[in-house]
Amino acid sequence: MAQQQQISLPAKLINGGIAGMVGVTCVFPIDLAKTRLQNQRSGQQLYKNMMDCLIKTVKSEGYFGMYRGAAVNLTLVTPEKAIKLAANDFFRQQLSKDGRLTVFKEMLAGCCAGMCQVIITTPMEMLKIQLQDAGRLAAQQRGVPSVVSALKMGGTSAVLSRSYNTSPAPQIMRVSATQITRELLRTKGVKGLYRGLGATLMRDIPFSVVYFPLFAHLHHLGRRSPEDPAVPFYWSFMSGCLAGCIAAVTVSPFDVVKTRLQSLKKGANEETYNGVVDCIRKILRKEGPGAFLKGASCRALVIAPLFGIAQVVYVVGVGEYLLGCTP
C-alpha cells in the first residue's frame, strides 16, 4: 500500500501531462478562433464566426497560422493539467470521510484545484494570447485606411493622401514567447506575467467548482452495477465532454474579461482597461451584455474534447501503466 501511495502522484502527473498535450494538439485552432473572436470589438468585426476566422487565418497566415502559440501551450499544459487533476484528487481524498463526499465538499475540492492551477495557467494564457492575437491585429491594420493619419495631421487633402499612399501593408510581426517573456520581465518583473490573475481566478475557480462534481456524478452513472466500479472508457469521455462543455459556457463571461485584460497590444480605437471592474463596465457600456458570450461556442468546442480526452487518459491509467504499477 505504501508503494502504491508513493507512486500515485507521479502517475497522476503523467496522466495529466499526456491528456493535456493530446487534447491541445486536437483543439488548438478552435482556441485561436476563440481568442480572436473575443478580442474583436463591435463595429470592427473581422470575423463573422469560428469558421470564417479559421478560413481567413489559413488564407493570410497559412495552415500553421492556426497553431500560433501552440508551443507555449504544449510546454505548459503538462504541469497545468497535471496540477489541476492531481490537486482535485488530493483535496477530494483529504475531504472525504469513509470514501464519501458531499456535493459541497466536491465543490470545495474543485475550488482548491482551480486555485492551484493558476500558478501555471496565468503566464501560459498571457503568452498564448499575445501570439494568437497577432494575426488579428495585423489584419485589422491592413483594413484601416491611411486617411486616419492624414486627418490627425490636420491636413485637408485626406482623400489624396489615401489615394497616393503606396506604403506596404503591415506584416504579422513574428514574435516568440521567449521575446515576450524577456520584455515583460525587463519592464514589469514577474508580476507582468501574472497580469489578469484576478480574472483568471474568477474563471478557473468557478469552472472547477462546476466541472469536477458534475463529472464525478455523470461518471458514476456509467457503472455497470453497484458491485462493479469499472466504467467504460467511452462513458468517461462523454462525461468529461458534457461536464466540460457546461462548465465552459458557465464561465465564458469571465474568460472574455480575462482575454481582454491579458491582451497587451490593442488595435485601432480599442479600449484599454484598468482592472476587472473597469473592463466589465466598459464592455457593458460599449458592447452590451452579449459581448460577454463572444467565443462561448468556440470555448465549449475546445474544453469539451480537451477534458473528455483528459478523463479517458486519467481514468484508464496510462501513467500507472507506464510506471508499471497497474493492478
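No disulfides turn up in a search of the whole structure (a disulfide is a pair of cysteine sulfur atoms within 2.5 Å). The model is predicted, so local features need pLDDT of at least 70 and side-chain atom pairs pLDDT 80 or more, while totals for chains, interfaces and linings use all residues. Residues are numbered from 1 along each chain as its sequence is written, and side-chain values use heavy atoms, without hydrogens or water.

**Fold**
- The chain has 13 helices and zero strands (DSSP runs numbered from the N terminus: helices are H or I, at least four residues; strands are E, at least two).
- Of contacts between residues at least 6 apart in sequence, 79% join residues at least 24 apart (contact means heavy atoms within 4.5 Å).

**Burial**
- Buried residues account for 48% of the 327 residues (buried is under 20% relative accessible area, exposed over 50%, partly exposed in between; 1.4 Å probe, protein chains only).
- Cys 26 counts as exposed, at 51% relative accessibility.
- Cys 279 is buried, at 0%.

**Core**
- The largest nonpolar core holds 36 residues (buried Ala, Val, Leu, Ile, Met, Phe, Trp, Tyr and Cys joined through side-chain atoms within 4.5 Å).
- Helices α1 (2–39), α2 (50–61), α3 (70–95), α8 (197–220), α9 (233–250) and α12 (296–316) each give this core at least two residues.
- Its largest share, nine residues, comes from α12.
- Ala 33, Met 50 and Cys 298 are among the residues with the most contacts inside the core.
- Beyond its neighbours within four places in sequence, Ala 33 contacts Met 50, Cys 53, Leu 54 and Cys 298.
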